[in-house]
Amino acid sequence: MLILQNIGKMHEGNQSGISDFLLLGISESPEDQHVLFGIFLSMYLVTVVGNMLIILAISFDSRLHTPMYFFLANLSFTDLFFVTNTIPKMLVNLQSQNKAISYTGCLTQLYFLVSLVALDNLILATMAYDRYVAICRPLHYTTVMSPGICILLLSFCWMISIFYGLIHTLLMTRVTFCGSRNIHYIFCEMYILLRLACSNTEVNHKVLMATGSVIFLTPFGFMIISYVWIVRTILRIPSASSKLKAFSTCASHLAVVTLFYGTLCMVYLKPLHTYSMKDSVATVMYAVVTPMMNPFIYSLRNKDMHGALGKLFLGKAIRRLT
């Protein structure tokens, strides 16, 4: 954080004119902004409460101290961090006439945005590996997915994500903004900032494509291969009830992966010059809707999670009565 602030302050001196960006959001109409404030505030509160409940339920129920729920708790923490990085500032802008965000603030928001999206992606890939081992190599599960290895895998995901975010943030400090600094978006987003640049951004584009392919396509390919093996293994199970039980342990993860990659592809699988306000809907989907939906998807038909949430609320009720 301090590194980003120092870089931002040093680079502000190299930027001509004002150093602030203006986050104009999806709509500049006062009527629309009041409606959007209510919608986004509700979605933010639901996201925070939902993901906090998932984390607390997993933390306090010893039955959920397994690799799958360990990674799920970290996914919820990442989603919580992700929305807190962008939504509060957007809510303030919707209620304020001053929609400025400093150059340093914009870079900081960009850094956490890029890092956390990458982290989400890597955790989902790790969860796919967990399901693969559990279904295809059940006899080796306790050894392969031991607590030490789980922590090592998660640490690796964090390190790669931090490094990935740092690369693109540092490259962004090389970009010069000498024209309009109006961002018609809900947060400081990579593509939008590159479109506002008046310097050569070819290096940014090449690095973005190269690193993006590794960070996103490699885990996605890994997930596809994992689920091909999982499906093959499930189809070999003779009992229909056992097949259904095995598949149900993967259904929630598949739904989240589909939602995550579907919305991400809607935004980023297109040329930079075609990026427009129409992509705001897709951005809201992956930046707000996906983190909000994840707790519902993972707890909707999950009996263990239902039990853990029940114990969490029951325990609080008993403590109040006593």
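Start by selecting Leu80, which is buried at a relative accessible area of 13% (buried means under 20% relative accessible area, exposed over 50% and partly exposed in between, with a 1.4 Å probe and protein chains only). Leu80 sits in helix H3, residues 67-95. Helices (H or I, at least four residues) and strands (E, at least two) are DSSP runs numbered from the N terminus. You are looking at a predicted model, where local features need pLDDT of at least 70, side-chain atom pairs count only at pLDDT 80 or more, and totals for chains, interfaces and linings use all residues. Residues are numbered from 1 along each chain as its sequence is written, and side-chain values use heavy atoms, with hydrogens and water left out.

Now show what surrounds Leu80. Apart from neighbours within four places in sequence, Leu80 is in contact with Thr47, Val48, Asn51, Met52 and Ile55 (contact means heavy atoms within 4.5 Å). Draw a line from Leu80 to Asn51: 29 residues separate them in sequence, while their C-alpha atoms are 6.4 Å apart.

Next, zoom out to the whole protein. Colour by secondary structure and you can find 11 helices and 3 strands. From the N terminus on, the order is α-β-α-α-β-α-α-α-β-α-α-α-α-α. Of the 322 residues, 49% are buried. Among contacts between residues at least 6 apart in sequence, 80% join residues at least 24 apart.

Select helix H4 (residues 103-136) together with helix H6 (residues 147-172). They pack at an angle of about 150°, and their axes are 8 Å apart. Axes here are lines fitted to C-alpha atoms, for helices over the stretch in contact, and angles run from 0 to 180 degrees between N-to-C directions. H4 is therefore roughly antiparallel to H6 (angles under 35 degrees count as roughly parallel, over 145 as roughly antiparallel, 65 to 115 as roughly perpendicular and the rest as oblique). H4 passes H6 in a right-handed crossing; a crossing is right-handed if the near helix is turned clockwise from the far one by less than a right angle, and left-handed if anticlockwise. The residues of this contact divide into 19 nonpolar, 6 polar and no charged. Ala, Val, Leu, Ile, Met, Phe, Trp, Tyr, Cys and Pro count as nonpolar, Asp, Glu, Lys and Arg as charged, and the others, Gly among them, as polar.

Among the contact residues, look for Asn121, Tyr129 and Arg131 on H4, and Phe216, Pro219 and Trp229 on H8. The contact of H4 with H8 has 19 nonpolar, 3 polar and 1 charged residues.

Finally, show the cysteines. How many disulfides does the structure hold? There is 1 (a disulfide is a pair of cysteine sulfur atoms within 2.5 Å). Cys106 is joined to Cys188, S to S 2.0 Å, and the link is left-handed, with -120° about the S-S bond. Cys106 lies in H4 and Cys188 in the loop between strand S3 (182-183) and helix H7 (190-196), so the pair ties together parts 82 residues apart in sequence. Cys106 is buried at 1% relative accessibility, and Cys188 is buried at 0%.

For a last stop, pick Cys136, which is in no disulfide; the nearest cysteine sulfur, that of Cys250, is 8.6 Å away. Cys136 is buried at 12% relative accessibility. Cys250 is in no disulfide either, and counts as buried at 1%.
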